[in-house]
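Have the structure open beside you as you read.

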Amino acid sequence: YNCDPAFEAPNAFTPNADGLNDIFKLKAENIRNFKMYVYNRWGTLIFESDQLDEGWDGKFNGEVQDAGTYVWMAIYDTGLVDNEGERVQVSGTVMLLR
């Protein structure tokens with residue numbers, strides 16, 4: 001049984017309502033206290049969530065965002081209980097394709 005944290009991030013998504021790859025979601029296991037942020041090219045925070053199963057749909061304030069590169073950041077704790085593990089911050093970019 002592996003309790004090590006596992007983390008994956010897609011590098012592109014296509015929010016075109018075809019049911020395939022419409023939501024940018026991070027995948028992780030064995031983490032706690034998850035938070036995710038997505039920023040546009042001007043550094044404006046356009047999405048945030050503390051739910052691992054919730055992802056960004058390519059909109060900001062209900063408006064469809066332009067195709068391009070967006071920066072994401074995730075912060076989480078490793079370990080399955082409060083007194084073990086460490087705080088981790090990871091970041092990357094995702095391409096929104098239209």
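In this predicted model, the side chains of D77 and R87 make a polar contact at 2.9 Å. Where does D77 sit? You'll find D77 in strand β8, which covers residues 68–78. Leaving out residues up to four places away in sequence, D77 touches I31, R32, N33 and E86, as well as R87.

Is D77 buried or exposed? D77 has a relative accessible area of 12%, and the cut-off for buried is under 20%, so D77 counts as buried. Now hop over to N61, in the loop between β6 (59–60) and β7 (63–64). N61 has a relative accessible area of 69%, and exposed means over 50%, so N61 counts as exposed. Here are the two residues together:

| Residue | Relative accessible area | State |
|---|---|---|
| D77 | 12% | buried |
| N61 | 69% | exposed |

While you're at N61, have a look at P10 too: the two are 51 residues apart along the chain, and their C-alpha atoms are separated by 23 Å.

Next up is the inside of the protein. The largest nonpolar core has 18 residues, and those with the most contacts inside it include F24, W56, Y70 and W72. Which elements give two or more residues to this core? They are β4 (31–39), β5 (45–49), β8 and β9 (87–96).

Let's zoom in on W56. Again skipping residues up to four places away in sequence, W56 touches several residues, among them F13, F24, V38, F47, Y70 and L96.

Note on methods:
Residues numbered from 1 in each chain as written. Predicted model: local features only at pLDDT ≥ 70, side-chain atom pairs only at ≥ 80, totals over all residues. Heavy atoms only, no water. Helix = DSSP H or I, 4+ residues; strand = E, 2+ residues; numbered from the N terminus. Buried < 20%, exposed > 50% of the residue type's maximum accessible area, 1.4 Å probe, protein only. Polar contact = N/O pair within 3.5 Å; in protein donor to acceptor, adjacent residues only side chain to side chain. Contact = heavy atoms within 4.5 Å. Core = buried A, V, L, I, M, F, W, Y, C linked by side-chain atoms within 4.5 Å.
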